[in-house]
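I opened my notebook and went through this one piece by piece. Here is what I looked up, in the order I got to it.

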Amino acid sequence: MPALPSLSSTRAAPAARLSVALLSCAALLSTPRAGAREGEELAGLINAYRAAPATCAGRPAAAAAPLTPEAALSSLRIGVGTFLESALRKAGYAAAQAEAISVTGPEDAEAAMTVLRERYCGKLLSGEFSAIGTARHGKEWQVVLARPLVFPALPDAARLSQELLSLVNQARARPRSCGAQGFGAAPPLAWSDTLATAALGHSKDMAEKHYFNHKEPGGSDPATRATRAGYRWTRISENIASGQRTVEEAVAAWLDSPGHCANIMNPAMTEMGAAYAVNPASENHTTYWTQMFGKPAGR
């Protein structure tokens with residue numbers, strides 16, 4: 001009587017939520033070419049099943065779009081005791097969602113597919129995933145299903161000034177409570193390229209040096225940075241944020257925070273400049289935002 005295959009399934013939490021899911025041990029190992037070919041065969045069988053599943057767990061099943069094979073997903077080796085998210089990060093693959101399945105025992109891809117279809121048809125047909133990595137290591141067959149994390153395109157400087165200034169002035173146009181502090185409607189702000197230059201310098205510094213603070217490691221503060229950029233002021237304030245992927249997310253985060261919201265609604269401020277920066281060498285491509293408010297001297 002043939003040995004029953006051993007089965008396991010592990011799931012990575014969505015990256016956007018910064019949670020971690022315990023997984024079988026994952027390490028990056030090279031896959032022998034023969035195992036790679038059989039892994040590719042299994043990926044083809046999975047996509048053929050998605051194209052015409054007929055049934056899943058004895059019930060009629062709808063077809064699903066094909067999964068895109070990803071070499072980074074196939075390069076993972078799943079064992080016991082690690083995190084799938086850590087393995088994906090080491091492989092350089094940013095996933096919004098991922099899950100790993102392993103089957104031990106089948107002698108070929110057809111037999112592995114039979115087991116996977118019987119035990120994991122729902123996962124194989126899931127619309128949550130759009131990419132796949134498959135591999136064979138001895139008698140172990142591994143499938144990693146994923147949905148890549150897609151970063152929205154950030155606006156250029158000209159569009160950023162329009163979008164951010166518009167959202168901030170919309171917020172200032174009506175009364176608002178910032179925590180326990182109430183504010184009446186405030187006049188619209190004007191855009192300052194000089195403040196935007198100071199903001200860009202701080203965002204770049206945070207991105208390059210991996211810190212999040214109004215005070216730079218060198219000691220400069222918002223007032224110092226504004227003066228250094230050539231802004232002659234009587235009032236200065238600053239908001240910073242990190243991790244937001246769009247202008248809308250950044251402004252919403254500031255408005256949800258009482259102190260940042262108060263800076264936005266302060267009627268004494270008349271000008272604003274802002275910028276973001278991303279360190280492309282960082283693993284998570286974190287976006288750092290700086291928003292500076294000012295009232296010019298002599299006005």
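This is a predicted model: local features need pLDDT of at least 70, side-chain atom pairs count only at pLDDT 80 or more; totals for chains, interfaces and linings use all residues.

**Entry 1: helix α8**
I began with helix α8, residues 247–256, and asked which of its residues are buried. I found Val 247, Ala 250, Val 251, Trp 254 and Leu 255. They span an arc of only 130° around the axis, so they sit on the same side of α8. Next I checked what those buried residues pack against, and the list was α5 (157–172), β12 (176–178), β15 (233–242), α9 (258–265) and β17 (287–296).

**Entry 2: α5 against α8**
I picked α5 from that list and looked at how it meets α8. The two axes come within 10 Å and cross at roughly 30°. Angles under 35 degrees count as roughly parallel, so α5 is roughly parallel to α8. I also noted that the crossing is right-handed. On the α5 side, the contact is made by Leu 160, Glu 163, Leu 164, Leu 167 and Ala 171. On the α8 side, I wrote down Val 247, Glu 248, Val 251, Trp 254 and Leu 255. Sorted by class, the contact has eight nonpolar residues, two charged ones and no polar ones.

**Entry 3: two positive phi values**
Most residues other than glycine have a negative phi. Ala 54 isn't a glycine, yet its phi is positive, near 65°. I located Ala 54 in the loop between α1 (33–51) and β4 (55–56). Is Ala 54 buried or exposed? Its relative accessibility is 56%, and the cut-off for exposed is over 50%, so Ala 54 counts as exposed.

His 210 also has a positive phi, about 60°, without being a glycine. I found His 210 in the loop between α6 (193–209) and α7 (222–228). With 52% relative accessibility, His 210 counts as exposed.

**Entry 4: Glu 140**
Last, I looked up Glu 140, which is in strand β11, residues 140–148. Its relative accessible area is 13%, and buried means under 20%, so I put Glu 140 down as buried. What does Glu 140 touch, if I skip residues up to four places away in sequence? I got Arg 77, Ile 78, Ser 102, Val 103, Thr 104 and Ala 135. I took a second look at Thr 104: Glu 140 and Thr 104 are 36 residues apart in sequence, but their C-alpha atoms are 4.2 Å apart in space.

Definitions and conventions. Residues are numbered from 1 along each chain as its sequence is written. Side-chain values use heavy atoms; hydrogens and water are left out. Buried means under 20% relative accessible area, exposed over 50%, partly exposed in between (1.4 Å probe, protein chains only). Helices (H or I, at least four residues) and strands (E, at least two) are DSSP runs, numbered from the N terminus. The arc is that of the directions from the helix axis to the C-beta atoms. Contact means heavy atoms within 4.5 Å. Axes are lines fitted to C-alpha atoms, for helices over the stretch in contact, and angles run from 0 to 180 degrees between N-to-C directions. Angles under 35 degrees count as roughly parallel, over 145 as roughly antiparallel, 65 to 115 as roughly perpendicular and the rest as oblique. A crossing is left-handed if the near helix is turned anticlockwise from the far one by less than a right angle, and right-handed if clockwise. Ala, Val, Leu, Ile, Met, Phe, Trp, Tyr, Cys and Pro count as nonpolar, Asp, Glu, Lys and Arg as charged, and the others, Gly among them, as polar.
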